[in-house]
Amino acid sequence: MSSFREDTTPAMIYLCATMWHETNEEMMNIMISVFRLDQYRPKSLTQPQFDDFTFEAHIYFDDAFTNVTESQHRHLNTYAKDLVKIIADVYGIFKNLNKTFFEVQQQIPDQAIIKTPYGARLVVEMPLGNNIVVHFKDKEKIRNKKRWSQVMYLYYLLGWKLMTKYYRYWQEGQHEKHLRRKIQKEKHNTYLLALDGDTDFQPAAVMLLIDRLKMYPRVGAACGRIHPTGSGPAVWFQKFEYAISHWLQKTAEHVFGSVLCSPGCFSLFRAEALMDDNVMKKYSTNSTEPSHYIQYDQGEDRWLCTLLLKQGWRVEYNAASDAYTNAPENFKELYNQRKRWGPSTMANVVDLLGSTNIVSKRNLSMSKLFMFYQLFGMISAILAPSTICLMVAGSLSFILKMPSAAALVIAVIPPAIYLGLCFKLKPDTQISLAGILSVIYAFLMVVVTITIIASMMKEKTILTPSSIFIVAMSIIYIVTALMHPQELPLVFYGFLYIICIPSAYLLLTIYSMVNMNSVSWGTRETKPTPGDATTAVSALQAKTKKAKGIFQRLCSWMKCCKKSLPISEDTQPLINAQPQENLVPESVPEPQTQDTAANDASEKEQTQVKTGFDCPAKCWINELESLSNDIQLQEHFLDKDEENFWNELIEKYLEPVKNDKEKQEKIKNDLQDLRNKVNFSFFFLNALWLMAAFVFQAFDVFSLNINIVDFNLQLTGGTIQIEPMSLMFILGFAISVLLQFVGMLHHRVSTLIHYIAFLETEPKQQKSADNEVDSTADSNDESAYNTDLNSVSQESQSSQDWDSEFYNSNLNIKNIQEDFV
């Protein structure tokens, strides 16, 4: 236990969430998680027990602005407005968490709204002092999409917030060698927690990831156990798929080498690793080659990990750190998501395999033997379609008692036809056809499974290739599930996973490879972007016209375009780390009335330049305030230096891509050429594998005869004939799964030790902090705050998810309180 958390330097954690078209429920999940972390590590407390880390939450909202009819100004879209309302609602819940019915305090302190070169920024101070900073991105001012949001927060948080102050210290004359040591220490103890806009997590999960990075200085990133949430067969399939990939694949990578992909929905990155040579700089590279669009933009999380691994950093997996994220609930969205993941995964693994000598020398975790293991996995992934065809052929031969060669020809015909149609049909039609074939294959797999089980019982033997496969899979999955008792119910989804194997590894692979030239995001794109669709504009036009007259009269009567306020010392830390003297306050004239503005256009232009917002834009601030009765926004300004920083960053890396039709057409043609070349090689290898299997089966070139024994290991007199291809498949599968199983056992032991160490240390900190709060807090605040600490302590000792019950109960209390007021 003494080595647990060896580095006692307080860590700074930046929570970095990317959002786009999340639903209310999804945004509610992450907001509750962030406010829960505020309760867990309050900033206002100064006890040493709470000095292990501080945090600040940043949300980067992509494409947050839209055009509104009869308005010259960009307005926040409905998704961004929903986020503001949710923040106000969750704030009220946590502020009144320990209040009685008559102690309700719904009013939220004034928060800051800031106009920025990339759009706007909302700064909210949570009840216990930590900040949420929402960056609303305007795609007309800054480049959109997830990778560029990540580049945006990498340079802002690590370049501006972390490094700028040291440059100022150097200008003031401080010793450079001393500053370099301080920079190195802060980089080492600064972490970025990458989140998706729908991630739900507990504070204990964050602590477990922090511990991994604190204990091992060469760990550049660590990820947790991701649980997909949702309902329906598509989610049930993903639940078991995620479980298998974490139970066996990620644990094997962690034990024998290094995890190759730390998912962006819940991963902790070390600033020192991200700021290493050829990581952050390389990650901000524009895609110029066709392969870049697949490797860089379709699989940005895996590519970032590839850059870390090439620089010698280790990526780890912590099975005790649980996080929940919404999964695609329909067949089409699932296929489109995997269309991104499949080719990008192969591109990144090929990139690593091509640099085996360099990687194995620079990264101590990535031995050549481990790289050979990855090569075997890559070959298996490439030959997956032909392997599934062989499995289906064996099933047909077993059921219909037909020759193996004839069964193989029949098994190849449907996927071959589907492959040809995919080059001609639209993507939606391809998915629909894949859905029909998936149902047919599922019925076939059910029949085959039942027939094999019946055959084993009738012949009293399991020594057939099909029987060995099913029995081995069942034993390994069940034993693995028993090693994860809290996830044991997921075994019931295993049957669905097995019957969907042809769909997941045959049809989906074909769809992904044929459509790899399509670099659209694929998920959340079915929801219309407010203001972009013509139908949405038409529907809002009448309401907007009517509301405009009322709104203008209210602006004139209530003077909603109120004077901008300078930044005070209290609110300065919410905006940037610069000293107060760096601010450039400006004298703001009284707002003009509607009549004056109509008579003097030039004066209105001058006012707009000075204030940063003209009247409609200021009314836009009040529009945000109108979303909740509890929140009031104060207009603040960026520091001049920070504004210059954003302008330079946008100009260098994040300038919006211009609509160049000629360039887009060239990219489209290049991607199609790449698709054709890769598809030819990919399916040619599968065709060779199938042809070899057909020759061995049709001409009986070589076969292995094995005597059949019954359950009592007595000879039955029969023999089994095994073809070389079947033998290679069984041996390869057995070796791979055995290695993963051994790695899983080792990882479970280390996870148990880590989790026990966490439980042994964390409650003690909470208890001692509890006593100090008792001795210093006044009597009214003592009971309320101790309740917070007790709930947090209980939370850290339990892995149960109390989020749903917590939210529903407090939401009902909030509604009653509002009715009472």
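Predicted model: local features only at pLDDT ≥ 70, side-chain atom pairs only at ≥ 80, totals over all residues.
1. The α27 helix covers residues 661-699, and the axes of the pair lie 8 Å apart. The crossing of α15 with α27 is right-handed.

2. Which residues make the contact between α15 and α27? From α15 come Ala384, Pro385, Ser386, Thr387, Cys389 and Leu390. From α27 come Phe682, Asn686, Trp689, Leu690, Ala693 and Gln697. Sorted by class, these residues are 8 nonpolar and 4 polar, with no charged residues.

3. Helix α15 (residues 384-400) also packs against helix α16 (residues 404-422). Here the angle is about 130°, and the axes are 8 Å apart. The two helices are therefore oblique to each other, since an angle has to be over 145 degrees to count as roughly antiparallel. The crossing of α15 and α16 is right-handed.

4. On the α15 side, the contact with α16 is made by Cys389, Leu390, Val392, Ala393, Leu396 and Ser397. Their partners in α16 are Ser404, Ala407, Leu408, Ile410, Ala411, Val412 and Pro415. This set divides into 11 nonpolar and 2 polar residues, and no charged ones. Cys389 and Leu390 are listed in the contact with α16, and Cys389 and Leu390 are also listed in the contact with α27.

5. Beyond its neighbours within four places in sequence, phenylalanine 256 is in contact with Ser365, Phe370, Leu739 and Gly743. Methionine 366 is 110 residues away from phenylalanine 256 along the chain, yet the C-alpha atoms of the two are separated by 8.3 Å.

6. Some totals for the protein chain follow. The chain has 821 residues, of which 52% count as buried. There are 30 helices and 15 strands. Taking contacts between residues at least 6 apart in sequence, 79% join residues at least 24 apart. The accessible surface comes to about 38,200 Å², and carbon and sulfur atoms account for 59% of that surface.

Technical notes
Residues numbered from 1 in each chain as written. Heavy atoms only, no water. Axes fitted to C-alpha atoms, helices over the stretch in contact; angles between N-to-C directions. Helix = DSSP H or I, 4+ residues; strand = E, 2+ residues; numbered from the N terminus. Parallel < 35°, antiparallel > 145°, perpendicular 65-115°, else oblique. Left-handed = near helix turned anticlockwise from the far one by under 90°. Contact = heavy atoms within 4.5 Å. Nonpolar A, V, L, I, M, F, W, Y, C, P; charged D, E, K, R; others polar. Buried < 20%, exposed > 50% of the residue type's maximum accessible area, 1.4 Å probe, protein only. Areas by Shrake-Rupley, 256 points an atom, 1.4 Å probe, with all protein chains shown as cover.
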